[in-house]
Amino acid sequence: MKYYTEKIIKSDFDSAITKTQEALKNEGFGVLSEIKINEKLKEKLGVEFRKYTILGACNPPLAHEALQTENKIGTMLPCNVIVQEIGNNEIEVAAIDPFASMQVVDNEELSRIAKEVKEKLDSVIENL
């Protein structure tokens with residue numbers, strides 16, 4: 001089972017981050033964290049790595065609903081969206097498929113919520 005949805009866009013990296021954050025906001029997500037993997041790898045290991053950022057996205061109403069349904073589901077939150085440079089002005093944006101990742105939890109109500117989050121994240125990716 002594929003655990004993510006992705007799209008390649010023509011853009012510079014910083015613009016792709018901004019576009020992705022705006023698309024997330026349009027679907028009701030906020031960005032709780034932004035991890036610049038390339039900078040962390042340089043800092044911690046002294047290695048060069050392509051521009052690669054992880055955005056920790058959260059849709060507060062759906063996160064609240066999920067936490068009320070399954071109190072340990074916070075171990076799987078927030079929803080990660082990656083933005084990575086794959087070529088000259090080619091950026092890949094990919095988002096987790098929360099429905100696929102939450103299949104391990106046997107909870108029908110959580111599956112419903114995960115499907116709703118998936119639809120919203122799919123829309124984010126499609127609208128880039």
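The structure is a predicted model, so to speak a computed one throughout: local features need pLDDT of at least 70, side-chain atom pairs count only at pLDDT 80 or more, and totals for chains, interfaces and linings use all residues. Residues are numbered from 1 along each chain as its sequence is written, and side-chain values use heavy atoms, with hydrogens and water left out.

Five helices and five strands make up the secondary structure of the protein; here helices (H or I, at least four residues) and strands (E, at least two) are DSSP runs, numbered from the N terminus. Going along the sequence, the order is β-α-β-α-β-α-β-β-α-α. The C-alpha trace spans about 45 × 35 × 25 Å along its principal axes. The radius of gyration is 15 Å, which agrees with the value near 14 Å that a compact globule of 128 residues would have; that radius is taken over C-alpha atoms, and the globule rule is 2.2 Å times the number of residues to the power 0.38.

Of the 128 residues, 38% are buried, where buried means under 20% relative accessible area, exposed over 50%, and partly exposed in between (1.4 Å probe, protein chains only). Among contacts (heavy atoms within 4.5 Å) with a separation of 6 or more, 68% join residues 24 or more positions apart. The accessible surface comes to about 7500 Å², and carbon and sulfur atoms hold 49% of that; these areas come from the Shrake-Rupley method with a 1.4 Å probe, and for residues only the protein chains shown count as cover. As for charge, the protein has 16 positive and 22 negative charges, and their mean positions sit 4 Å apart. Lys and Arg count as positive and Asp and Glu as negative, with His and the chain ends not counted, and each charge is placed at NZ of Lys, CZ of Arg, CG of Asp or CD of Glu.

On to the cysteines. With a disulfide taken as a pair of cysteine sulfur atoms within 2.5 Å, the count is zero. Cys-58 is in no disulfide, as its nearest cysteine sulfur, in Cys-79, is 7.5 Å away. Seen from Cys-79, that 7.5 Å to the sulfur of Cys-58 is too far for a bond. Both side chains are tucked away by the accessibility cut-off: Cys-58 is buried at a relative accessible area of 17%, and Cys-79 is buried at 8%.

Val-81 sits in strand β4 (residues 79-87) and is buried, at 1% relative accessible area. With the sequence neighbours up to four places away left out, Ile-125 touches Thr-5, Glu-6, Lys-7, Val-93, Ala-94 and Ala-95. Ile-125 and Val-93 are 32 residues apart in sequence, while their C-alpha atoms are 7.1 Å apart.

The peptide bond from Leu-77 to Pro-78 is cis, with omega near 0°, and Pro-78 belongs to the loop between α3 (60-69) and β4. Asn-89, in the loop between β4 and β5 (90-96), has a positive phi of about 60° although it is not a glycine. Asn-89 is partly exposed, with a relative accessible area of 41%.
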